[in-house]
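Biologist: I have a structure to read and would like to learn how to go about it. Please take me through some features one by one.

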Amino acid sequence: MTAAAVTHRPSPTPARDPMVLTWLMGVAVSWFGDAVWVVALAWTAAHTLSPGLAGVVLAAEMVPQAGLVLVGGVVADRFDPRRVLLAGYLARAVVLVAGAAAWHSGLDGAATLGAVALSFGVAAGLTIPSGSALIRSLVAPEHLGAVMGWNQVSGRVMRLIGAPVGGVVVAIGGPVAAMLLDATTFLAIALVIGCVVRPRYPLPRATEARWRQSFTAGVRYLRATASARLLVVGLTALNVFVTPITALGLALRVEGSGWGSHWLGLADGALAAGAILGSLAAIRWLPARSAAAGFRVLVVQGLALACIGASWKPGVMAGMFVVGVTAGLASVWLSSAFLATIDPAYVGRVSSVTALGDMALLPLSVPLLGFAAGAVGLLPTTIAFGAAMASLCLWFATRPELAHIRPSPVESDSPT
């Protein structure tokens, strides 16, 4: 069965769907807890460990996550993604409670922080692809854009709120309070998934006898399906250009120009505000050919990225805001096109390949920007990164294999 040919009964719009709304609220609460813990972990590591050891602890989550995400894709396509996510959220809550107990008992050092981070990396690697599969099983294809949009808006808002709250929590109650707060949010989303969420569109399950055969079947699907392959390559390539500039490039510009650290926060806020506005606009307006439209918008983003290297405050602020708006628009359109296009039997495996691409390429592209900025200057480097992204996205926007993709109803089983 392919993703492009089945009928389904009408489902309620997301705004009138109590189950989807409850799930979105649960995910938002979980993101709030994550934002609190990220700040608390960084602050605690920086103040209790040596700089080198703090860096190791902060990076400890990334290694098992990257190493296991492809396995997580097979898990998502072989088992019930709802149960996989439920187990993952409960496991992280248990890890945080155990970490809080260990810290309170006197084991307040790198071993406890590293164990929590490593455990989170394992859980994330095994469950991230199941998130995409669950969304695909909850929502009719024509509503994917709205749901993905609200999902992204709530995630960005919760991160904006959770980061300063995390600073306050760790200052008052230390890492124990932050761990327990984050554990509570994981229990909240686990309760929602266990008691409220019920898939409406059961996904085909991988039937290969061995896990390696399931993985190779996913690879064969990508090789045989040009539209899916191009989407994966395009989505994987985006952050290679964006994140290095909005993270390291912005910091280098602010520090090199002597503007003061508050401008770094203001520029990050401009990006976040633009992203929220862009996602809200994308929810209201979903183009007929959403994949091509998403890549066209990212051509503009590439041009805006170049401005962030300029030693002119209005230009940097405008560039960050435009990057945010275009990111909000494109992320909704492209993610909904992705879920509506990929064969439901391969959603987990294909999304795991995209996730691994981000994890593998970002550690290379961020230092590359730093070395290039040191060699030829920041502005020429951001212009080169932005021009490369704009050219690449223009190429993807004009591919005939992507031109037909639209978030229209696709074949699936009837709702249960």
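Predicted model: local features only at pLDDT ≥ 70, side-chain atom pairs only at ≥ 80, totals over all residues.

Biologist: How many salt bridges does the structure hold?

Modeller: Side chains of opposite charge can pair when their charged atoms come close. A salt bridge is a side-chain nitrogen of Lys or Arg within 4 Å of a carboxyl oxygen of Asp or Glu. The structure holds three of them. One joins Asp17 to Arg200, with the closest N and O atoms 2.8 Å apart.

Biologist: Which parts does the pair of Asp17 and Arg200 tie together?

Modeller: Helices are DSSP runs of H or I with at least four residues, numbered from the N terminus. Asp17 lies in the segment before helix H1 (18–48) and Arg200 in the loop between helix H6 (144–195) and helix H7 (211–224), so the pair ties together parts that are 183 residues apart in sequence.

Biologist: Are Asp17 and Arg200 buried or exposed?

Modeller: Buried means under 20% relative accessible area, exposed over 50%, and partly exposed in between, with a 1.4 Å probe and protein chains only. Both Asp17 and Arg200 are buried.

Biologist: Where are Arg349 and Asp77, which also meet in a salt bridge?

Modeller: Arg349 is in helix H12 and Asp77 in helix H3 (residues 62–78), 272 residues apart. Their N to O distance is 2.7 Å. Arg349 is buried because its relative accessible area is 4%, and Asp77 counts as buried at 0%.

Biologist: What of the salt bridge between Arg83 and Asp80?

Modeller: The N to O distance there is 3.8 Å. Arg83 has a relative accessible area of 59%, so this residue is exposed. Asp80, at 29%, is partly exposed.

Biologist: At what angle do H12 and helix H13 pack?

Modeller: Axes are lines fitted to C-alpha atoms, for helices over the stretch in contact, and angles run from 0 to 180 degrees between N-to-C directions. H12 (residues 347–376) and H13 (residues 378–397) pack at about 135°, their axes 7 Å apart. Angles under 35 degrees count as roughly parallel, over 145 as roughly antiparallel, 65 to 115 as roughly perpendicular and the rest as oblique. H12 and H13 are therefore oblique to each other.

Biologist: Which residues of H12 and H13 meet?

Modeller: Contact means heavy atoms within 4.5 Å. Ser365, Leu368, Leu369, Ala372, Ala373 and Val376 of H12 meet Leu378, Pro380, Thr381 and Phe385 of H13. Ala, Val, Leu, Ile, Met, Phe, Trp, Tyr, Cys and Pro count as nonpolar, Asp, Glu, Lys and Arg as charged, and the others, Gly among them, as polar. By class, this contact has eight nonpolar, two polar and no charged residues.

Note on methods. Residues numbered from 1 in each chain as written. Heavy atoms only, no water. Helix = DSSP H or I, 4+ residues; strand = E, 2+ residues; numbered from the N terminus.
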